[in-house]
Amino acid sequence: MIAKLLHFMKKLVRLFTRPMKSDKGRGGVIVQTYRGYGTHKEAFVMGRVFRQPGAGIRWKEGGTSQDLIDVLRRVIRHGVRDVWVVMRMGDAQTTVKTDRDGYFFAHIDINHSLPTDRLWHTASLEVTSEKDAISTDTQVYIPPANTDLIVISDIDDTVMYTGVANKLKMLYRLFMEKAHRRTAFPGVAAFYRALYGGVEGNRKRPMLYVSRGPWCIYDMLDMFFNLNRIPAGPILFLREWGIRLSRPWPRKAEDHKADVIRDMLALYVDLPFILIGDSGQHDPEVYTQIVKENPERVLAIYIRKVDNDPERDIAIEKLANEVSHTGCRLVLASTSLDMAEHAKTHGFISEEGLEAVRDEQ
């Protein structure tokens with residue numbers, strides 16, 4: 001038991017100090033960017049600028065002394081507020097300022113033609129603070145002209161199992177398990193690849209993922225998606241928990257998911273949507289409200305059944321009836337195959353995609 005506890009603590013320390021490793025102990029201003037998204041008219045990129053102290057000494061790579069110093073550096077580091085971030089994408093440019101936590105959200109109007117033979121476009125960012133000037137690049141996803149719909153999916157207990165009903169297990173899986181050990185629901189990767197390709201197999205639809213998890217797990221989620229061959233990118237919408245010594249708990253964000261979906265509906269105003277979530281929390285209620293606000297914009301809602309509560313099933317069935325007149329079908333599904341069979345019947349995926357889900361599951 002003691003050995004397991006020590007292993008757990010060591011793993012926790014390594015996870016906590018992971019963001020500090022990239023500077024090799026030098027310290028200074030660091031910029032982390034997340035993949036952007038947009039259209040051929042506008043693009044959006046989010047990131048964070050923070051300053052972390054140098055270590056002051058050299059150490060053996062991966063040694064315990066390095067980890068302990070990096071723990072202190074992580075505690076001391078801070079987001080850099082009110083620094084200017086210049087974003088360029090081709091001939092277009094914009095300048096934004098970081099917020100109190102060092103985060104920035106850049107919106108750029110694209111006034112030139114982008115190449116039509118690619119999905120990912122490079123945006124360059126330059127950050128200038130009082131002592132430092134650093135540059136970096138990030139990738140921006142622009143859907144192809146033949147895109148026919150957008151898919152927005154929850155992550156926790158929809159794509160990967162996190163056990164939201166058991167908070168301790170959820171936190172362990174969220175922060176402690178390596179990406180390759182996290183469990184993707186059977187068939188989910190094949191189903192999402194089928195949605196990505198569409199009936200023709202080459203639609204390359206935008207696949208957008210939203211979670212109430214913190215931005216600090218972005219790299220882990222990115223690795224998880226890549227290891228499981230879940231498309232595309234991915235584009236992730238996480239949130240800042242805003243934990244401080246004066247407030248050692250996450251900020252409330254009941255509207256985070258709904259706000260992201262509303263923003264995407266406004267951005268891709270000419271396209272319909274498919275929404276995917278789970279029955280464990282409030283996805284059915286949130287998605288139903290979105291449909292009521294935007295009738296005829298949502299083609300289908302897929303809800304993964306993650307509990308055995310008959311009353312919850314009845315409540316979700318009632319929600320399905322509330323939106324059926326809009327043409328949207330809310331499907332409560334026990335498996336990815338159930339979702340895929342509905343999607344095939346309604347022309348969202350191909351027969352080959354359905355067979356791939358059946359084989360994977």
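Does Arg 312 count as buried or exposed, and at what relative accessibility? Arg 312 counts as buried because its relative accessibility is 13%, where buried means under 20% relative accessible area with a 1.4 Å probe and protein chains only. The model is predicted, so local features need pLDDT of at least 70, side-chain atom pairs count only at pLDDT 80 or more, and totals for chains, interfaces and linings use all residues. Numbering runs from 1 along each chain as its sequence is written, and side-chain values use heavy atoms, with hydrogens and water left out.

**Around Arg 312**
- Arg 312 sits in helix H8, residues 310-323 (helices are DSSP runs of H or I with at least four residues, strands are E runs of at least two, numbered from the N terminus).
- Its side chain gets to the backbone oxygen of Ser 279 at 3.1 Å.
- Not counting residues up to four places away in sequence, Arg 312 touches Ser 279, Gln 281, His 282, Pro 284, Glu 285 and Asp 307 (contact means heavy atoms within 4.5 Å).

**Helix H4**
- H4 (residues 188-197) is mostly covered, with eight of its ten residues buried.
- The cover over those buried residues includes strands S11 (207-214) and S13 (273-278) and helix H9 (336-345).

**The largest nonpolar core**
- Of its 34 residues, Phe 191, Tyr 192, Leu 195, Ile 276, Tyr 302 and Phe 348 touch the most other members (a nonpolar core is a set of buried Ala, Val, Leu, Ile, Met, Phe, Trp, Tyr and Cys residues joined through side-chain atoms within 4.5 Å).
- H4 gives the most to this core, seven residues.

Key
Buried means under 20% relative accessible area, exposed over 50%, partly exposed in between (1.4 Å probe, protein chains only). A polar contact is a pair of N or O atoms within 3.5 Å; within protein, one must be able to donate a hydrogen and the other to accept it, and residues adjacent in sequence count only if both atoms are side-chain atoms.
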